[in-house]
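This report covers helix packing, strand pairing and the nonpolar core of one structure. Please examine the sequence and the coordinates alongside the text.

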Amino acid sequence: MKLVLNFLVTLVLFVGCRPKEITKQEITSLRDGNHESLVSYGNLILPKILGPELKRFESEVDKDQKSEVNITYGSNSALTFNDNSDYRKTGTEYQSLVMLRVGYALALHHFHRLSLSLSKPFFIQGENNPDAEVQEAEIFRTTISKSELDSFWENHPNFDPYIAPKIGDKEWEKITGEIQKLWKVELDEFSRVKLE
């Protein structure tokens, strides 16, 4: 029974929390026909991909004097339907999905590195404040170089990141594993999240 419940919860997360539906053909058309600056293009395309989950988009010069794209996304609710055993797995897989969708959409623009942050509200109980309050917190951040993204898309030219993954899909599991090997985890606070 618990296995069935976990399956249903994961299914609801993938179906109910996925970014606004848009097709690869629509993204390709917008991407190929848009030669504006990265910031103008990002402000056009990212809301179409992430919808209300888009929290922040910036393009800045990093410490190495190279262009870095920083995107923060996440739900606006402090509630979750995951249990402790699924929270990290589901969050990491969703980060993979968002990374692939955004990486494909930005593929023709020039930048050095893409940084993707998952941020969402949590019920936080402080030492000085025994009553829980809702605060926004970044819990997972990954970065990937543009050259690694380009290499990934050269090796998977027919992969469509805009089709919602199916649970247990072997191709999706393989792709997820590949993208996770390419990214660098900059912040991982999943273990600090206490689910009740």
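At what angle do helix α2 and α3 pack, and how far apart are their axes?

## Basis of the model

The model is predicted; local features need pLDDT of at least 70 and side-chain atom pairs pLDDT 80 or more, whereas totals for chains, interfaces and linings use all residues. Residues are numbered from 1 along each chain as its sequence is written, and side-chain values use heavy atoms, without hydrogens and water.

## Packing of α2 and α3

Helix α2 (residues 24-32) packs against α3 at about 175°, the axes being 11 Å apart. Axes are lines fitted to C-alpha atoms over the stretch in contact, with angles from 0 to 180 degrees between N-to-C directions. The two helices are therefore roughly antiparallel (an angle over 145 degrees).

Ile27, Leu30 and Arg31 of α2 meet Tyr41, Leu44, Ile45, Lys48 and Ile49 of α3 (contact: heavy atoms within 4.5 Å).

Strand β1 (residues 54-61) pairs with β2 in the antiparallel sense over seven bridges (pairing requires at least two DSSP bridges). Arginine 56 lies opposite threonine 72 in β2. Five residues separate the strands of this hairpin, and glutamine 65 in the turn has a positive phi of about 65°.

## The nonpolar core

The largest nonpolar core holds 41 residues, of which Ile71, Leu106 and Leu114 touch the most other members. Such a core joins buried Ala, Val, Leu, Ile, Met, Phe, Trp, Tyr and Cys residues through side-chain atoms within 4.5 Å, buried being under 20% relative accessible area with a 1.4 Å probe, protein chains only. α4 gives the most to this core, with nine residues.

Beyond its neighbours within four places in sequence, leucine 114 contacts residues including Val69, Ile71, Met99, Leu106 and Leu149.

Note on methods
Buried means under 20% relative accessible area, exposed over 50%, partly exposed in between (1.4 Å probe, protein chains only). Helices (H or I, at least four residues) and strands (E, at least two) are DSSP runs, numbered from the N terminus. Angles under 35 degrees count as roughly parallel, over 145 as roughly antiparallel, 65 to 115 as roughly perpendicular and the rest as oblique.
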